[in-house]
Amino acid sequence: MTSIILTFPSAPGPAPAGTPDGSGTHPAHGIALTNLRVATDLDGHNTARPSIRIQGTKGEIQIDGPAFRPRSWRVIYAKSEGEKGKGEPKVEIHDCEIPGQGMFWEADECARCLRDGKMESEGMGWDESVVIMEVMDEVRRQGGIKYPEAIESLEYPLKL
């Protein structure tokens, strides 16, 4: 199992109660957990939902099903202090009609870029890809995970 806790320097908006400096900004955190031996959907009926939860000051987004092929998602709006404990929260439910088994968005975007002669996707540029890979490299380093040199090589074409 791998756990990743990311701390971002500040998030816009009002600081939560108890923030000592009252600066109007506060650290934001991202938490990711992964495990190859634990299923996202234990019974095939999505009773263990959600597989992804994104929480913020205005509410929460919950994504059902495996992350690479979500079945549905919900937006649950936070209640104001005066509304808490009264009635049901406002919830928007969205079903996902996704063909295939996932990862086809990435393949389609790659095909579009190749067709159009682009070296970089407008949706996710090289800079963002590099940041993600640097975070993953740091996670592996801290977890003591080392891949064989052939996998880590920057040499192309790779001599096996």
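This is a predicted model: local features need pLDDT of at least 70, side-chain atom pairs count only at pLDDT 80 or more; totals for chains, interfaces and linings use all residues.
View 1. Helix α1 contributes 5 residues to the lining of the second largest pocket, the most of any contributor. The pocket has a volume of about 300 Å³. Its lining holds 14 residues, and those closest to the pocket centre are E109, C110, C113, S121 and M124. At least two lining residues come from α1 (104-115), and at least two also come from α2 (126-143). By residue class, the lining of this pocket consists of 6 nonpolar, 4 polar and 4 charged residues.

**View 2. Cysteine C113 and its surroundings at the pocket.** C113 is one of the residues closest to the centre of the second largest pocket, as is C110. For the model, the count of disulfides is 0. The relative accessible area of C113 is 10%; because the cut-off for buried is under 20%, C113 is classed as buried.

**View 3. The open sheet of four strands.** The strand order is β3-β4-β5-β6, and the pairing is antiparallel. Strands β3 (52-56) and β6 (91-95) form the edges, each pairing on one side only. On average, neighbouring strands of this sheet are turned by 10 degrees against each other, with direction ignored. Within the sheet, β4 is mostly covered, with 5 of its 6 residues buried.

**View 4. The hairpin of β3 and β4.** Strands β3 and β4 form a hairpin, and 2 residues lie between them. Their antiparallel pairing runs over 5 bridges. One of the facing pairs is G56 with G59 of β4. Another pairing places Q55 against E60, its bridge partner in β4.

**View 5. Pairing of β4 with β5.** Strand β4 (residues 59-64) and strand β5 (residues 72-77) are joined in the antiparallel sense by 6 bridges. E60, the bridge partner of Q55, also stands opposite I76 in β5. D64 has S72 as its bridge partner in β5.

**View 6. Pairing of β5 with β6.** Strands β5 and β6 run antiparallel and are joined by 5 bridges. Among the facing residues, V75 stands opposite E92 in β6. Strand β6 (91-95) is an edge strand of the sheet and pairs on one side only.

View 7. H45 lies in the loop between β2 (26-34) and β3. Its relative accessibility is 65%; since exposed means over 50%, H45 counts as exposed. H45 and D127 are separated by 82 residues in sequence, and their C-alpha atoms are 38 Å apart in space.

**View 8. The cis peptide bond at P157.** The peptide bond from Y156 to P157 is cis, and its omega is near -5 degrees. P157 belongs to the segment after α3 (149-152).

Conventions:
Residues are numbered from 1 along each chain as its sequence is written. Side-chain values use heavy atoms; hydrogens and water are left out. On a 1 Å grid over the protein atoms alone, a cavity is a set of points where a 1.4 Å probe fits but cannot get out, and a pocket is an open set with protein on both sides within 12 Å along at least five of seven lines; lining residues have an atom within 4 Å of a point. Grid points are joined across faces, edges and corners, and a volume is the space filled by probe spheres set on the points. Ala, Val, Leu, Ile, Met, Phe, Trp, Tyr, Cys and Pro count as nonpolar, Asp, Glu, Lys and Arg as charged, and the others, Gly among them, as polar. Two strands pair if DSSP finds at least two bridges between them. Axes are lines fitted to C-alpha atoms, for helices over the stretch in contact, and angles run from 0 to 180 degrees between N-to-C directions. A disulfide is a pair of cysteine sulfur atoms within 2.5 Å. Buried means under 20% relative accessible area, exposed over 50%, partly exposed in between (1.4 Å probe, protein chains only).
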